Amino acid sequence: MLTDLSPLIAATARWLTAAYPPCGGALASALCEVQARQAVTVAAWLRYPTEIDAGLVTMAGPGGAARLDWLTGAEPADGHPAEDSAWRTWVDEVVASWAATLLTDAELAGLAVAALAEGEHTAGPAEFRRLLTPDDGDHRAAALLRHPDLLAPVAELHQDQLLDRLAPGRSLAA
């Protein structure tokens, strides 16, 4: 059974950076992408904390970007060749919502990274530095991606589930 979440993480991070593009040139684009990928990785690892959870989502599929596109007014995939939009089927709405919450709330981001220690995925806070302690360049590059008002519609979709997951004493097993 495939248990690699990288297609889901890549697609969801790509959706976030397309919906909330970087401000600036190539460096800003790279900084924005790193921040999105770190937030999505934390969210995905929280959502699918075990190898079994990851295997199930890769087998069943995460659901796609249709509702997120509708919610944000992003361009729908209709009219584009299938090979140009196939990645969109790997976007996970819950993971995108949780990542949006983490990008706009530093305290929750810290709690989320700390909660990863309870799951099967391993990483330390240093691996999520741009999510946890972004510098001025990170903030400038991802001004749209970290703007609480702009991300609110996406973040609010499943924010209650994230808060429940991060509640003290809550097991990470899905």
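Helices here are DSSP runs of H or I with at least four residues, strands are runs of E with at least two, and both are numbered from the N terminus. I worked on a predicted model, in which local features need pLDDT of at least 70 and side-chain atom pairs count only at pLDDT 80 or more, while totals for chains, interfaces and linings use all residues. Residues are numbered from 1 along each chain as its sequence is written, and side-chain values use heavy atoms, with hydrogens and water left out.

**Entry 1. Whole chain**

I looked up the secondary structure and found 10 helices and 0 strands in the protein chain. Along the sequence the pattern reads α-α-α-α-α-α-α-α-α-α. The protein chain has 174 residues, of which 44% count as buried (under 20% relative accessible area; exposed is over 50%, partly exposed in between, with a 1.4 Å probe and protein chains only). I noted an accessible surface of about 8500 Å² for the protein chain, with 56% of it belonging to carbon and sulfur atoms; the areas come from the Shrake-Rupley method with a 1.4 Å probe. I then took the contacts (heavy atoms within 4.5 Å) between residues at least 6 apart in sequence, and 82% of these join residues at least 24 apart.

**Entry 2. Valine 91**

I found valine 91 in the loop between α5 (82–85) and α6. Its relative accessibility is 0%, so valine 91 counts as buried. Leaving aside residues up to four places away in sequence, valine 91 touches Ala11, Thr12, Trp15, Pro62, Gly63, Gly64, Ala65 and Leu68.

**Entry 3. Helix α3**

I listed the buried residues of helix α3 (residues 51–60) as Asp53, Ala54, Gly55, Val57 and Thr58. What do the buried residues of α3 pack against? They pack against α1 (6–19). Just after α3 I noted glycine 61, which takes a positive phi of about 90°. Proline 49 counts as buried because its relative accessibility is 1%.

**Entry 4. Aromatic pairs**

A pair of aromatic rings is described by the distance of the centres and the angle of the planes. Rings of Phe, Tyr and Trp (its six-membered ring) pair if their centres lie within 6.5 Å; planes under 30 degrees apart count as stacked, over 60 as edge-to-face and the rest as tilted. I searched the whole structure and got 2 aromatic pairs. Tryptophan 15 and tyrosine 20 form an edge-to-face pair, 6.4 Å centre to centre and 80° between the planes. Both tryptophan 15 and tyrosine 20 are buried.

Tryptophan 45 and phenylalanine 128 also pair edge-to-face, at 6.1 Å centre to centre and 85° between the planes. This pair links distant parts of the chain, as tryptophan 45 is in helix α2 (residues 26–47) and phenylalanine 128 is in the loop between α7 and α8 (129–132), 83 residues apart. Tryptophan 45 counts as buried at 17% relative accessibility, and phenylalanine 128 does so at 4%.

**Entry 5. α6 against α7**

I looked up how helix α6 (residues 93–104) meets helix α7 (residues 106–115): they pack at about 120°, with their axes 5 Å apart. Therefore α6 counts as oblique to α7 (roughly parallel is under 35 degrees, roughly antiparallel over 145, roughly perpendicular 65 to 115, oblique the rest). Axes are lines fitted to C-alpha atoms, for helices over the stretch in contact, and angles run from 0 to 180 degrees between N-to-C directions. Thr101, Leu102 and Thr104 of α6 make the contact with Ala106, Leu108, Ala109 and Ala112 of α7. By class the contact residues are 5 nonpolar, 2 polar and no charged; Ala, Val, Leu, Ile, Met, Phe, Trp, Tyr, Cys and Pro count as nonpolar, Asp, Glu, Lys and Arg as charged, and the others, Gly among them, as polar.

**Entry 6. Other pairs across the sequence**

I went back to proline 49 for its distance to leucine 116, which is 7.9 Å from C-alpha to C-alpha, with the two 67 residues apart in sequence. Alanine 143 is in the loop between α9 (136–141) and α10 (148–165). Is alanine 143 buried or partly exposed? Alanine 143 is partly exposed, with a relative accessible area of 33%. Its C-alpha lies 7.1 Å from that of proline 22, and 121 residues separate alanine 143 from proline 22 in sequence.

Last, I located alanine 167 in the segment after α10. Alanine 167 counts as partly exposed at 28% relative accessibility. Alanine 167 and leucine 111 are 9.4 Å apart, C-alpha to C-alpha, and 56 residues apart in sequence.
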